[in-house]
Amino acid sequence: MTNIDTTTLIDWLHRFAAVAADKREWLTELDSAIGDADHGANMARGTAAVIEKIDAAPPATIDELLKTAGMTLVSSVGGASGPLYGTFFLRMGMTAGAVTELDAAGFGAALRAGLEGIVARGKPEAGDKTMFDAMSPALDAYDAAVAGGTDLPAAVRAAADAAATGRDATTPLVARKGRASYLGERSAGHLDPGAASTTLLFETLADAVAG
Ligand code: ADP
Ligand code: MG
Ligand code: MG
C-alpha cells in the first residue's frame, strides 16, 4: 500500500472503537490510579458514537470522515480527552482536504496538524505525562521512516512501536497537565491513561493499513 484511502481510515476508526471497548476496563483502571476513573468509559462512548455516525452515512472524503469523527468526539465526551482527540481528528481532516486518498507524506502532514491541534488546545509539552508523550514520538518515528524511504505499512508500524515506548516512559513521570497533575509527586509510578489510548490509536492504524 503506497496511499491511504477513505476506506482504510474508516476501517481504522472501527478497529479503534473495538479496541477501546475491549480495553475499557484497563483504561479505567489506569485512570483510577491518577485521575477520576472514566477514561475507559470516555473512549468507549466517544468511539462508539463515531461509529454510529459514520455507519449511518459513510463519508466519501477523508476530510468529511475525520471532521465527523472529531465533532462527534467533542460533543459526546465530557472529559479532557474528548476535546483533545476531537481536535486531533478535526485538524487532521482540515489538512487532508476533500480527497479520497493521501500519500505517506500527505498523511504524515495531516497527523502532524492533528498533534498541533492537541498542543494548541491542551498546551502539553514533552514529559508532562500526557497523550503527547506517546503521539509526539510516534509522529517523529513516522516522519523519519517516510524520509528514509520506508513504505507506508512499515512507517505506521514504526509509529505504533514508538507510541508504545513513549507510553511506557510516562510511568516514572510526575504529571504536569490534566487531573493527574493535582496529585503532584504521587502521580509518578503509574502509566498515563491518555498515552495508553493514543498507543491503541496508532496500533489500530498499523493494523488497518496492514489490512
Ligand atoms: P478527564 O481527565 O477529564 O477525566 P480523561 O480521563 O478521558 O479525561 O483523559 C485523561 C487523559 O487526557 C490524561 O491521561 C492525559 O493523557 C490527557 N490530558 C489531560 N489533560 C491534557 C492536556 N492539557 N494536554 C494533553 N493531554 C491531556
Ligand atoms: Mg478521567
Ligand atoms: Mg473525567
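Q: Is the crossing of α1 and α3 left-handed or right-handed?
A: In this predicted model, α1 (residues 6–22) packs against α3 at an angle of about 145 degrees, with the axes 8 Å apart. The crossing of these helices is left-handed.

Q: How many charged residues are in the contact of α1 with α3?
A: On the α1 side the residues are Ile-10, Leu-13, His-14, Phe-16, Ala-17, Ala-20 and Ala-21, which meet Met-43, Ala-44, Thr-47, Ala-48, Val-50, Ile-51 and Ile-54 in α3. By class, 12 residues of this contact are nonpolar and two are polar.

Q: Are α1 and α4 roughly parallel or antiparallel to each other?
A: Helix α4 covers residues 62–76, and its axis lies 9 Å from that of α1 at an angle of about 20 degrees. Angles under 35 degrees count as roughly parallel. The two helices, α1 and α4, are therefore roughly parallel.

Q: Which residues of α4 make the contact with α1?
A: α1 passes α4 in a right-handed crossing. From α1, the contact takes Thr-6, Leu-9, Ile-10 and Leu-13; from α4, it takes Ile-62, Leu-65 and Ala-69.

Q: Why are α8 and α9 described as roughly antiparallel to each other?
A: The axes of α8 (residues 152–168) and α9 (residues 193–210) come within 8 Å. Angles over 145 degrees count as roughly antiparallel. α8 and α9 are therefore placed in that class by their crossing angle, roughly 165 degrees.

Q: How many residues of the contact of α8 with α9 are nonpolar?
A: α8 passes α9 in a left-handed crossing. Among the residues making the contact are Leu-152, Val-156 and Arg-157 of α8, and Phe-202, Glu-203 and Leu-205 of α9. Three residues of this contact are polar and three are charged, while the nonpolar ones number 14.

Q: Which helix supplies the largest share of the shell around ligand 1?
A: At least two residues of the shell come from each of α3 (39–56), α5 (81–96), α6 (104–122) and α9. The largest share is three residues, and the helix that supplies it is α9.

Q: Which of the 24 residues around ligand 1 come nearest?
A: The shell around ligand 1 divides into eight nonpolar, nine polar and seven charged residues. Those that come nearest to ligand 1 are Gly-79, Ser-81, Gly-122, Gly-178 and Gly-194.

Q: What is the mean pLDDT of the protein chain?
A: The model scores ipTM 0.99 and pTM 0.98. In the protein chain, 100% of the residues reach a pLDDT of 70 or more, and the mean is 97.

Note on methods. Residues are numbered from 1 along each chain as its sequence is written. Chains are lettered from A and ligands numbered from 1 in the order in which they are written. This is a predicted model: local features need pLDDT of at least 70, side-chain atom pairs count only at pLDDT 80 or more; totals for chains, interfaces and linings use all residues. Axes are lines fitted to C-alpha atoms, for helices over the stretch in contact, and angles run from 0 to 180 degrees between N-to-C directions. Helices (H or I, at least four residues) and strands (E, at least two) are DSSP runs, numbered from the N terminus. Angles under 35 degrees count as roughly parallel, over 145 as roughly antiparallel, 65 to 115 as roughly perpendicular and the rest as oblique. A crossing is left-handed if the near helix is turned anticlockwise from the far one by less than a right angle, and right-handed if clockwise. Two residues are in contact if their C-beta atoms, placed from the backbone, lie within 7 Å. Ala, Val, Leu, Ile, Met, Phe, Trp, Tyr, Cys and Pro count as nonpolar, Asp, Glu, Lys and Arg as charged, and the others, Gly among them, as polar. A residue is near a molecule or strand if its C-beta atom, placed from the backbone, lies within 6 Å of it. pLDDT is the predictor's confidence in each residue, from 0 to 100.
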